[in-house]
Amino acid sequence: MRILLAEDDQQLNNALVYRLEAEGFSVDSCQDGEEALFYGEQNIYDIILLDRMLPHMEGSEVLSALRKKDITTPIILITALGSLSDKVTGLDLGADDYLVKPFAFEELLARIRCVTRRPHTLTEHDTLTVEDITWQAAECTLTGPSGSCTLSKRESALLETFLRSKGQTLPRTTLLLKVWGPDSDVEEGNLDNYIHFLRRRLQITGSKLKILTIRGVGYSLQ
């Protein structure tokens, strides 16, 4: 699962990135509202953790702008403003939840689990079955009619993206952003290599699923 964290307190930002990554999440972080809006507009995140008081552009403005662009990524507002009216305003703008500072990290994890169940999003502890394969995210294990195999972290992220979008054509740029992140300078040839790896994994497990090349566009799991 990929998370965008927008928090201008450098110490808190670093601490949250460290602890979230220790829980198995992929995290991109920024410290001002304009960057948060830019990253959020890429529409590659499973959840956004958004500080309400950000420089250059307030979190509430970022939230409103994303919702106006029909970006439905679950967003948790994180703020020191904890009055009832503040919470109502945030939720009315389109936030999925509201977390008041200071907070326990365990509560943040619980709220992440809660909002990513509406609608369901694959988490580190989920098992997902699509056609004749079963994907266990926590163990990075893929099981099919002929057996099981373990995937690398990068293969896992790519497979999850395909499983959650079965039948859809995913552009190359979308896959690169979703799996490698917006700040990566990865070469497109690396994507082709990992597509090759995943195709072999599907063959090893005996699955009938195929990753098709959509010439000039990207790939599709069929």
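Let's start with a quick one: is cysteine 149 buried or exposed? Cysteine 149 is buried, because its relative accessible area is 10%, under the 20% cut-off. Keep in mind, please, that this is a predicted model, and every value I quote is computed from it.

While we're on that residue, let's do the disulfides. There are 0 disulfides in the structure. Take cysteine 140: its closest cysteine sulfur belongs to cysteine 149, and at 11 Å that is too far for a bond. Looking from the other end, cysteine 149 is in no disulfide either, and the nearest cysteine sulfur to it is the one in cysteine 140.

Okay, on to the packing. In soluble globular proteins, nonpolar side chains tend to be buried together. Here the largest nonpolar core has 25 residues. If you want to find it on screen, go for the ones with the most contacts inside it, which are Trp135, Leu142, Leu158, Phe162, Leu191 and Ile211. As for where the core draws its residues from, the elements giving two or more are β7 (133-136), α6 (153-163), α7 (172-180), α8 (188-204) and β12 (218-221). There's also a second, separate core with 21 residues, and Leu50, Leu63, Leu66 and Ile75 are among them.

The axes of α6 and α8 come within 10 Å, crossing at roughly 75°, so α6 is roughly perpendicular to α8. On the α6 side, the contact uses Arg154, Glu155, Leu158, Leu159 and Phe162. On the α8 side you have Leu191, Tyr194, Ile195, Phe197, Leu198 and Arg201. Sort the residues of that contact by type and you get 8 nonpolar, no polar and 3 charged.

Let's move to another part of the chain. Leucine 99 sits in strand β5 (residues 97-100). What makes leucine 99 count as buried? Its relative accessibility is 1%. Beyond its neighbours within four places in sequence, leucine 99 is in contact with Ile76, Leu77, Ile78 and Thr79, plus Glu107, Leu108 and Arg111. And if you're wondering about leucine 84, which is 15 residues away along the chain, its C-alpha is separated from that of leucine 99 by 12 Å.

Last topic, the backbone. Most residues other than glycine have a negative phi, and most peptide bonds are trans. So which residues are joined by a cis peptide bond? That would be lysine 101 and proline 102, with omega about -10°. Proline 102 lies in the loop between β5 and α5 (105-115).

Then there are two positive phi values to look at. Aspartate 70 has a phi near 65°, and its place is in the loop between α3 (59-68) and β4 (75-79). With a relative accessible area of 65%, aspartate 70 is exposed. Glutamate 131 has a phi near 55°, and you'll find that residue in the loop between β6 (127-130) and β7. Glutamate 131 counts as exposed too, because its relative accessibility is 57%.

That's my tour. Over to you for questions.

How values were computed
Residues are numbered from 1 along each chain as its sequence is written. This is a predicted model: local features need pLDDT of at least 70, side-chain atom pairs count only at pLDDT 80 or more; totals for chains, interfaces and linings use all residues. Side-chain values use heavy atoms; hydrogens and water are left out. A nonpolar core is a set of buried Ala, Val, Leu, Ile, Met, Phe, Trp, Tyr and Cys residues joined through side-chain atoms within 4.5 Å. Buried means under 20% relative accessible area, exposed over 50%, partly exposed in between (1.4 Å probe, protein chains only). Helices (H or I, at least four residues) and strands (E, at least two) are DSSP runs, numbered from the N terminus. Contact means heavy atoms within 4.5 Å. A disulfide is a pair of cysteine sulfur atoms within 2.5 Å. Axes are lines fitted to C-alpha atoms, for helices over the stretch in contact, and angles run from 0 to 180 degrees between N-to-C directions. Angles under 35 degrees count as roughly parallel, over 145 as roughly antiparallel, 65 to 115 as roughly perpendicular and the rest as oblique. Ala, Val, Leu, Ile, Met, Phe, Trp, Tyr, Cys and Pro count as nonpolar, Asp, Glu, Lys and Arg as charged, and the others, Gly among them, as polar.
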